[in-house]
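Here are my notes on the model. Please read them beside the coordinates.

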Amino acid sequence: MEPKTLVDEAKNVLKRNDHGRWMVPAGNLYPHQWLWDSCFIAIGLRHIDVERAQTELRSLLRGQWKNGMLPNMIFDSGQAYRQDRELWRSYVSPYSPEQVATSGITQPPMLAEAVVRVGEKLKIAERRSWYANMYPAILAYHEWLYRDRDPHKEGLVILLHPYESGLDNSPPWISELRKHSMPWWVSLIERLHLDGLINLVRRDNRHVPPGQRMSNIEALAYWAALRRLRRKAYNSEALLSRSLFAVEDLAFNCILVRANSHLRQIAKTIGHVVPDELLTRMENTEKALEQLWDEPSGQYYSRSFISHKIIEESTISTLLPLYGGSVSKERATRLVDLLKNRKYFGTSYPVPSVAVNSSYFDEFKYWQGPSWVNTNWLIMDGLSRYGYEKEAEILRQRTLEMVAKNGFNEYFSPLSGKPAGAPNFSWTAALTIDLLKS
Ligand code: GLC
């Protein structure tokens with residue numbers, strides 16, 4: 001497909017997913033506004049309509065909690081979605097906003113990146129006022145992340161539910177779930193092979209073949225984890241004292257490192273001083289990230305908050321320290337070796353969300369194998385900043401080829417490029433525009 005046609009087709013996808021002031025990730029499967037989706041969407045939209053890109057990001061702030069948290073979902077207010085809103089019941093927390101219903105957990109902190117990328121398209125005076133408008137919300141969000149999710153000031157932010165990682169069924173989370181947090185009744189359902197019954201209530205499987213989503217057992221256990229959160233009114237202190245499901249997630253913390261440097265840049269541009277306490281904590285994250293390095297395998301990993309042990313699973317997160325940008329050139333080179341290695345991430349349609357030599361690898365299964373355009377985008381960005389321009393360009397070409405051949409799907413087989421998950425997926429379309437126009 002010609003680049004021009006590809007851009008036009010991508011614009012069509014965005015148009016059909018547009019709800020006016022915010023976009024859904026994909027019509028039927030994801031009918032609400034998602035946090036990091038809107039950030040990626042704005043990064044693409046800035047090339048075609050910068051005002052609309054600003055609106056997309058501003059609309060995220062209507063969901064911000066009084067304590068600074070940005071929720072991963074802001075629900076559509078339509079009658080049809082009462083059940084979704086009731087599942088989360090954000091009103092159980094005194095911090096939730098009054099005007100909109102949201103989830104009670106967050107998602108990777110991509111907002112600062114999106115604000116800067118959109119800012120690049122504005123003249124300096126407009127950019128300053130854009131930054132000045134968005135800065136208080138980003139600051140409050142980062143302060144919340146540290147206050148609420150790094151209570152012992154160790155440097156790494158803790159996630160309380162796998163949905164917060166954005167990589168829902170990524171192996172480290174599944175392994176933690178199985179080790180520490182499987183409710184007895186879910187294990188019983190598994191032992192008795194009754195999990196097929198769950199299909200009767202699962203909506204996602206009506207839109208996407210079950211083999212491309214998480215398993216029924218995983219979905220059930222995640223639902224139980226969500227109920228635990230809700231019961232504690234999304235109060236992390238209450239939760240951390242009892243729950244055995246908490247991870248220092250590698251991808252999230254890498255994205256945070258990068259977001260912190262954007263926050264500093266935004267503050268500088270508008271003449272604000274980032275509070276000292278926050279600056280110290282940001283530096284600590286960069287240092288603490290090195291505790292996740294495992295020398296023998298030459299990789300970074302997520303760490304269990306419960307056992308304090310690293311979770312040795314090679315996933316897409318392994319490569320995200322490149323995007324974070326704080327790791328040494330030497331360690332970055334070892335990550336690039338893994339990216340090219342055919343036993344790990346060097347497939348025909350990279351980058352697989354799980355290394356191909358992992359026992360979890362399945363070319364179609366959600367975050368357990370398929371290639372996703374948003375993580376490719378993050379890795380390309382990291383590669384260029386570490387000076388791997390050639391590798392970044394190859395990944396750009398491969399990604400565009402995958403989309404041009406197969407459509408704007410949610411994810412793709414890393415072996416054949418075959419499309420999977422939801423069709424007409426917003427961030428795939430938006431980031432395709434960005435890859436063609438940047
Ligand atoms: C899935 C993905 C998550 C994304 C959401 C909406 O839950 O795992 O990363 O934000 O869908 O697209």
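**Notes on sheet and helices**

1. Two bridges join strand 6 (residues 302-304) to strand 7, and the two run antiparallel. Arg-303 stands opposite Ile-310 of strand 7. Strands here are DSSP E runs of at least two residues, helices are H or I runs of at least four, and both are numbered from the N terminus.

2. A caveat on provenance: this is a predicted model, where local features need pLDDT of at least 70, side-chain atom pairs count only at pLDDT 80 or more, and totals for chains, interfaces and linings use all residues. Residues are numbered from 1 along each chain as its sequence is written, and side-chain values use heavy atoms, leaving out hydrogens and water.

3. The open sheet has 3 strands in the order 3-6-7, with antiparallel pairing. Strand 3 (247-248) and strand 7 (310-311) are the edges, each pairing on one side only. Pairing requires at least two DSSP bridges between the strands.

4. Helix 16 (residues 389-406) and helix 17 (residues 426-437) have axes that come within 11 Å and cross at roughly 135°. Axes are lines fitted to C-alpha atoms over the stretch in contact, with angles from 0 to 180 degrees between N-to-C directions.

5. Contact (heavy atoms within 4.5 Å) involves Arg-396, Thr-399, Leu-400 and Val-403 of helix 16. Helix 17 contributes Thr-428, Thr-432, Leu-435 and Leu-436.

6. In helix 2 (residues 35-45), 11 of the 11 residues are buried, so this helix is largely enclosed by the rest of the structure. Buried means under 20% relative accessible area (1.4 Å probe, protein chains only). Among them are Trp-36, Asp-37 and Phe-40.

Notes:
Buried means under 20% relative accessible area, exposed over 50%, partly exposed in between (1.4 Å probe, protein chains only).
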